[in-house]
Amino acid sequence: MGTIKTNTLTAAMREHNYGLQYWLYRVVLHLYLQKRVADYDFEQHFGGIKYLFVRGMEADVPMSGVYEDKPDLFRVEALVGLFCQENG
């Protein structure tokens, strides 16, 4: 049952293009934490991303309706490089 729910949440993330939002927010948060947290370390200070699908939540099923993931630092840094290129 858990796999079916996970596949449904992943499909919803793709259908509604939440992945784009996921990565944009992740890049911005990464840059913010680098500036605001002394000795910022991705693995230590970033716990992951959660999207809550309220209609998919069931009181008796822990984590139902919750899409969670933790992006890897390599991809985050690649996007930072792409979005934050210096002009000139």
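Colleague: Which residues of α2 are buried?

Modeller: Tyr22, Arg26, Val27, His30 and Leu33 are the buried residues of α2. Buried means under 20% relative accessible area, exposed means over 50%, and partly exposed lies in between (1.4 Å probe, protein chains only).

Colleague: What kind of model is this, and how are residues numbered?

Modeller: This is a predicted model, in which local features need pLDDT of at least 70, side-chain atom pairs count only at pLDDT 80 or more, and totals for chains, interfaces and linings use all residues. Residues are numbered from 1 along each chain as its sequence is written, and side-chain values use heavy atoms, with hydrogens and water left out.

Colleague: How many helices and strands does the protein chain have?

Modeller: The protein chain has 4 helices and 2 strands. Helices (H or I, at least four residues) and strands (E, at least two) are DSSP runs, numbered from the N terminus. Along the sequence the pattern reads α-α-α-β-β-α.

Colleague: How do you know that the length of helix α2 agrees with its residue count?

Modeller: The expected span of a helix is 1.5 Å times one less than its number of residues. Helix α2 covers residues 18-36, which is 19 residues, so the span should be 27 Å. The end C-alpha atoms of α2 are 26 Å apart, which agrees.

Colleague: What makes the buried residues of α2 line one face?

Modeller: Seen down the axis of α2, its buried residues fall within an arc of 135°, so they line one face of the helix. The arc is that of the directions from the helix axis to the C-beta atoms. An α-helix has 3.6 residues a turn, so residues three or four places apart point the same way.

Colleague: What is exposed on the other side of α2?

Modeller: Tyr25, Val28, Lys35 and Arg36 are exposed there.

Colleague: What do the buried residues of α2 pack against?

Modeller: They pack against α3 (42-45), β1 (49-52), β2 (66-69) and α4 (73-83).

Colleague: Why is His30 called buried?

Modeller: His30 sits in helix α2. Its relative accessible area is 1%, which is under the cut-off, so His30 is buried.

Colleague: Which residues does His30 touch?

Modeller: Contact means heavy atoms within 4.5 Å. Not counting residues up to four places away in sequence, His30 touches Tyr40, Phe42, Leu73, Val76, Glu77 and Val80.

Colleague: What makes the pairing of the side chains of His30 and Glu77 a polar contact?

Modeller: A polar contact is a pair of N or O atoms within 3.5 Å; within protein, one must be able to donate a hydrogen and the other to accept it, and residues adjacent in sequence count only if both atoms are side-chain atoms. The His30 and Glu77 side chains meet at 2.7 Å, so their pair is within the limit. The side chains of His30 and Tyr40 are joined by another polar contact, at 2.9 Å.

Colleague: What puts the buried residues of α4 on the same side?

Modeller: Val76, Leu79 and Val80 are buried in α4. They cover an arc of only 105° around the axis, which puts them on the same side of α4. The cover over these buried residues includes α2 and α3. Phe74 and Leu82 are exposed on the face turned away from the buried side of α4.

Colleague: Is Asp39 buried or exposed?

Modeller: Asp39 is at 73% relative accessibility, over the cut-off, so it counts as exposed. Asp39 is in the loop between α2 and α3. Its phi is near 55°, a positive value in a residue other than glycine.

Colleague: Where is Met63 found?

Modeller: Met63 is in the loop between β1 and β2. Phi of Met63 is near 65°, again positive in a residue other than glycine. At 44% relative accessibility, Met63 counts as partly exposed.

Colleague: Where in the protein chain is confidence lowest, and where is it highest?

Modeller: pLDDT is the predictor's confidence in each residue, from 0 to 100. Confidence is lowest in helix α1 (residues 2-15), at a mean of 76, and highest in α3, at 93. The protein chain averages 86, and 90% of the residues score at least 70.
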